[in-house]
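Look at the structure first, then read the points.

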Amino acid sequence: MNIGILGLGSLGSLMAYHWRNHALFVLPRTDISSVNIKVQDQDTLWQTQLPSWQGEPLEWLVVCTKAADTLAALNKWKHLLTQANNILLLQNGMGQQQETVQWLQQQQINTPLWAAMCTEGAYQENDTVIYAGRGSTQIGSWLGSEYLPPQLPKTQYSENIKELLLNKLAINAVINPLTAYWECKNGELVNTPQYKQALIALSEEVAGLYATLSWPLSQPLTELAQQVAIATAANTSSSLQDKLANRPTELPYICGYLLEQAQRIAYDLPLTQFYYHHLSA
Ligand code: PAF
């Protein structure tokens with residue numbers, strides 16, 4: 001299967017590793033003919049050189065950029081996008097899916113849009129991506145189409161991808177701002193009483209918005225956020241990694257998205273607002 005990867009950050013590189021037995025192409029930002037990647041999976045170091053996409057037909061074009069970079073990244077390749085049978089957004093956050101639907105319509109590109117919810121953990125160390133936590137990737141049609149393309153390896157189909165993404169968004173809306181604000185590992189959010197109090201307060205605030213919007217949560221958010229913090233205790237959250245590396249965080253597509261939804265119904269999210277503004281400063 002031909003798969004194109006747009007955005008070779010830690011997640012894009014990890015997916016390339018998963019799909020290493022397929023014909024992979026990268027869609028780099030600059031005009032280079034290939035990209036080197038290295039992924040460390042426990043004792044195995046996998047390294048390869050992936051060719052740049054020249055418009056070969058793709059079964060899947062997978063976007064692994066940061067949410068905020070989605071449209072700029074797609075725009076660079078718009079003259080070739082009709083060569084991709086399916087576009088999948090594999091990113092944290094919410095809001096970019098709706099923006100992409102609109103953008104595709106404006107460009108009159110009818111390629112089916114898919115979204116993914118991924119629980120894999122990876123981070124970059126120098127020029128190597130470390131596969132830190134095994135998880136899964138569920139994908140679903142963003143507009144609810146029933147058409148099923150050839151299965152993207154190492155993913156499972158979900159019929160309720162929006163629910164899964166909203167659930168993940170709620171978890172990210174608690175863990176990411178708190179870990180970035182306190183500059184702590186995920187696990188400290190449950191082990192340090194002060195941080196745990198903050199986790200409970202923020203979870204209650206976000207859960208209140210979800211209840212008001214009738215957005216489903218698989219479990220009470222205070223429990224869910226603590227479970228994820230414990231399960232990923234040794235992780236540095238993606239937002240803290242970004243903050244420490246002086247990169248823009250994905251918080252506009254996490255807290256920013258929730259603040260926008262709340263504003264539409266005049267609902268207050270004072271804690272979310274506080275952390276978001278502090279971290280955007
Ligand atoms: O963004 C992240 O870091 C992850 O989604 C999560 C679940 C918070 C674990 O670190």
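The points below cover the ligand site and the salt bridges.

This is a predicted model, in which local features need pLDDT of at least 70, side-chain atom pairs count only at pLDDT 80 or more, and totals for chains, interfaces and linings use all residues. Residues are numbered from 1 along each chain as its sequence is written, and side-chain values use heavy atoms, with hydrogens and water left out.

**The ligand site**

- The residues around the ligand include Lys168, Ile175, Asn186, Val228 and Ser237.
- The shell holds two nonpolar, seven polar and one charged residue. Here Ala, Val, Leu, Ile, Met, Phe, Trp, Tyr, Cys and Pro count as nonpolar, Asp, Glu, Lys and Arg as charged, and the others, Gly among them, as polar.
- Helix 4 (residues 161-182) gives the largest share of the shell, four residues. Helices (H or I, at least four residues) and strands (E, at least two) are DSSP runs, numbered from the N terminus.

- Serine 238 has a side-chain N or O atom 2.5 Å from an oxygen atom of the ligand. A polar contact is a pair of N or O atoms within 3.5 Å.
- For asparagine 172, a polar side-chain atom lies 2.9 Å from a ligand oxygen.
- For asparagine 92, that distance to a ligand oxygen is 3.2 Å.
- On its own, the ligand has 280 Å² of accessible area, and the protein covers 86% of it. Such areas come from the Shrake-Rupley method with a 1.4 Å probe.

**Salt bridges**

- The whole structure has six salt bridges. Each is a side-chain nitrogen of Lys or Arg within 4 Å of a carboxyl oxygen of Asp or Glu.
- Side chains of opposite charge can pair when their charged atoms come close.
- Aspartate 41 pairs with arginine 134, with the closest N and O atoms 2.8 Å apart. The two are 93 residues apart: aspartate 41 is in strand 3 (residues 34-41), arginine 134 in the loop between strand 9 (128-133) and strand 10 (137-141).
- Aspartate 41 is buried at 9% relative accessible area, while arginine 134 is exposed at 53%. Buried means under 20%, exposed over 50%, and partly exposed in between (1.4 Å probe, protein chains only).

**A salt-bridge network**

- Lysine 66 meets aspartate 242 at 2.9 Å, N to O.
- Arginine 247 also bridges to aspartate 242, at 2.9 Å.
- Aspartate 242 is buried at 1%. Lysine 66 is partly exposed at 28%, and arginine 247 is partly exposed at 41%.
- Shared partners join Lys66, Asp242 and Arg247 into one network.

Definitions and conventions:
Near = heavy atom within 4 Å. Polar contact = N/O pair within 3.5 Å; in protein donor to acceptor, adjacent residues only side chain to side chain.
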